[in-house]
Amino acid sequence: MPKPVGSYVYWSERLVGEVIDDNGVRLDPRIKSALKLGVAGSGLDLTGRDREKTSFEIAEKLKKKLRSHMVSDLDTPGPLRLVQGEGWVEVAEFQRWDAGLEHTLGQRTAVIHAQTVTQEGRRVDICLFGSLKNLRGYTILEEDPGSGWVSSAAPAIQEFIALRGAAPSARTRDTWGYDEEAVAVEALKVALFQGISNEYTRRPEARAFTVMDFKASEYVAVIYKDVTLTPDRWDHEPDMNGVSRILIGAPLWLRMTRPETMRTYSGTNRGALPGRDTSRPGRDDQLHG
């Protein structure tokens, strides 16, 4: 059987380039000889250059070179730095408010959520933040009407991402009082519930700021912080029941081979969900049942 045709729904040129550079990955040059004849028909010039590589070639090369560091088994002890997986992902626009922060994202930001249950039965949630401009084949509306819940922890989350998981500033700690575990929990709440309203309570595909969801054939991400929750600490948070580990980072890419699974949302069409499959893993009945 032929391999399914794939597409990169999200690709971060900047972050992919950083990983290549930081890890000394050399993309094999493909030399092309160009024959250049002079005006009089004399002279020969062989010009060598790197052929422009496709996203697929770069991704496959990167996975091959870093395969011993790219983790797909999320039972693996941390801290994890590069993860690879597949499954359902939900993409929304992160609603930030700067509140006088020293470190900000400075761009419209996507929050991408994936969830898995490991072989040992641990629920692991992955929360990834990256530029909305890195979405491919999706037009970002300048004004996208919608209203719903926005987290009061958004400034702390924004600084945490802007600093790539480094310790927050003293000002942030004094103002919001979040430690790393608390920021991870708040980031997961944003990924799961941002934009909810009384009418569409906890339906990710119908929230005010949802952009799309689909079955990713592959996602690869850099992890800024690998957080294992302290047992019993979050028992007072019913939405955190069953959560064992939260990974926060940024996506290098999201790839899809089943376009029929994609749904996109904007403006008033949020909530119009014909034919939606509600039996797939990670839906509301499992998260909140």
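# Close-up views of a predicted chain

**View 1. Val83 is a buried residue of a strand.** At a relative accessible area of 1%, Val83 is buried. Buried stands for under 20% relative accessible area, exposed for over 50%, and partly exposed for what lies in between (1.4 Å probe, protein chains only). Val83 sits in strand S3 (residues 82-94). Helices (H or I, at least four residues) and strands (E, at least two) are DSSP runs, numbered from the N terminus. Setting aside neighbours within four places in sequence, Val83 is in contact with Met70, Val71, Leu74, Tyr219, Val220, Ala221, Ile223 and Leu247. Contact is defined as heavy atoms within 4.5 Å. Ala221 is 138 residues away from Val83 along the chain, yet their C-alpha atoms are 5.5 Å apart.

The model is predicted: local features need pLDDT of at least 70, side-chain atom pairs count only at pLDDT 80 or more, and totals for chains, interfaces and linings use all residues. Residues are numbered from 1 along each chain as its sequence is written, and side-chain values use heavy atoms, with hydrogens and water left out.

**View 2. The whole chain, for orientation.** The chain has six helices and eight strands. Along the sequence they follow the pattern β-α-α-β-β-β-β-α-α-α-β-β-β-α. Of its 289 residues, 46% count as buried. Among contacts with a separation of 6 or more, 74% come from residues 24 or more positions apart. The chain exposes about 15,100 Å², and carbon and sulfur atoms supply 49% of that area. Accessible areas come from the Shrake-Rupley method with a 1.4 Å probe; for residues, only the protein chains shown count as cover.

**View 3. Helix H2 and what covers its buried residues.** Helix H2 spans residues 55-65, and its buried residues are Ser55, Ile58, Ala59, Lys61, Leu62 and Lys63. Their cover includes strand S1 (7-11), H1, strand S2 (70-71), S3, strand S6 (210-228) and S7. Lys63 belongs to helix H2. Its relative accessibility is 15%, so Lys63 counts as buried. The side chains of Lys63 and Glu60 are joined by a polar contact of 2.8 Å. A polar contact is a pair of N or O atoms within 3.5 Å; within protein, one must be able to donate a hydrogen and the other to accept it, and residues adjacent in sequence count only if both atoms are side-chain atoms. Beyond four places in sequence, Lys63 is in contact with Met70, Gln84, Glu218 and Trp253.

**View 4. Arg123 and its polar partner.** Arg123 is part of strand S5. Its relative accessible area is 8%, so Arg123 is buried. The side chain of Arg123 makes a polar contact of 2.7 Å with the side chain of Asp125.

**View 5. The second largest pocket.** Where is empty space left? Rolling a probe the size of a water molecule over the atoms shows this. The second largest pocket has a volume of about 240 Å³. It has 18 lining residues, and the closest to its centre are Arg14, Gln107, Phe129, Gly130 and Tyr224. Two or more lining residues come from each of helix H1 (13-22), strand S5 (123-131), helix H3 (154-162) and strand S7 (243-256). A pocket is an open set of points on a 1 Å grid over the protein atoms alone, where a 1.4 Å probe fits, with protein on both sides within 12 Å along at least five of seven lines; lining residues have an atom within 4 Å of a point. The volume is the space filled by probe spheres set on the points, which are joined across faces, edges and corners. The lining divides into nine nonpolar, six polar and three charged residues. Ala, Val, Leu, Ile, Met, Phe, Trp, Tyr, Cys and Pro count as nonpolar, Asp, Glu, Lys and Arg as charged, and the others, Gly among them, as polar.

**View 6. Helix H3 and the residue after it.** Eight of the nine residues of H3 are buried, so this helix is largely enclosed by the rest of the structure. The buried ones are Ala154, Pro155, Ala156, Ile157, Gln158, Glu159, Phe160 and Ile161. Just after H3, Arg164 has a positive phi of about 55°.

**View 7. Backbone details in two loops.** Most residues other than glycine have a negative phi, and most peptide bonds are trans. The peptide bond from Gly78 to Pro79 is cis, with omega near 0°. Pro79 is in the loop between S2 and S3. Asp232, not a glycine, has a positive phi of about 75°. The loop between S6 and S7 holds Asp232. With a relative accessible area of 61%, Asp232 is exposed.
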